Amino acid sequence: MRTLAAATLCAALLAGCGGGGSKAVAHVGDEGITQTQLDAVVAHFRKEAQLEGRSFPEEGTTAFKQARSQLLELLVYRTELKQVARRLGVEADPNEIGKRLAAAGGGEQEGNPGGDTFARDSVEAQLLTEGVFTKVTRGVTGATPAETTARRTRTMTAYMARVQRDTKVRYEPGYAPGS
């Protein structure tokens, strides 16, 4: 019985560290961002650059490290957003994700029958942002529609700044911004 409990605990700890054998490169609160996740985003942008006839920095160069750092920051932001959404009870409807992907022509791509994970994650982030915005700015009004929009935008900006300030983000060596 003790062996089963220990094995279950180890499995849970491994799952919390990103699972799949991929090491975490950053931690947002208690959630890890794995090397596999970062590599997938880098691969997405490398492919996009290639499709657009642009170059993408070669691995090992300073330009690559800067690009990788920016992409890791995107993953950190999305993880913070998901955590905030969970706390507020906001969810992204999978059907709405599918509709938006279809409307944008995203998802299924030649040579990628499972669709573009980055595109799906982008749509999910947009839906979560909209849901969080609605919750955070509920009751914020102004004398005119323009003033209401401005006040809501300031409220959301201040809320997300506070979230980012209060969220503990830890980077593994070699992955911190500017390293």
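Analyst: Among the contacts of this predicted model between residues at least 6 apart in sequence, 62% join residues at least 24 apart, where a contact means heavy atoms within 4.5 Å. The residues are numbered from 1 along each chain as its sequence is written, and side-chain values use heavy atoms, with hydrogens and water left out. Local features need a pLDDT of at least 70 and side-chain atom pairs count only at 80 or more, whereas totals for chains, interfaces and linings use all residues.

The protein has six helices and three strands, which follow one another from the N terminus as α-β-β-α-α-α-α-α-β; helices (H or I, at least four residues) and strands (E, at least two) are DSSP runs, numbered from the N terminus.

A search of the whole structure finds 10 salt bridges, a salt bridge being a side-chain nitrogen of Lys or Arg within 4 Å of a carboxyl oxygen of Asp or Glu. One of them joins the side chains of R86 and E31, with 2.2 Å from N to O. This pair links distant parts of the chain, since R86 belongs to helix α3 (residues 62–88) and E31 to strand β2 (residues 31–34), 55 residues apart. E31 has a relative accessible area of 24% and is therefore partly exposed, a class that lies between buried (under 20%) and exposed (over 50%), with a 1.4 Å probe and protein chains only.

The helix that carries R86 has 27 residues, and α3 reaches 39 Å from its first C-alpha to its last, close to the 39 Å expected at 1.5 Å a residue; the expected span is 1.5 Å times one less than the number of residues. Just after α3, G89 takes a positive phi of about 80 degrees.

Another salt bridge pairs R54 with E52, whose closest N and O atoms are 2.7 Å apart. R54, at 47% relative accessible area, is partly exposed, and E52, at 49%, is partly exposed too.

The side chains of R120 and D121 also meet in a salt bridge, at 3.6 Å from N to O. R120 counts as partly exposed at 32% relative accessibility, and D121 is partly exposed at 26%. Salt bridges that share partners join K82, R120, D121 and E124 into one network.

For the chain as a whole, 32% of the 179 residues count as buried. The protein averages a pLDDT of 86, and 83% of its residues score at least 70, pLDDT being the predictor's confidence in each residue, from 0 to 100. Over residues 1–20, however, pLDDT stays under 50, and it is also below 50 over residues 108–114.
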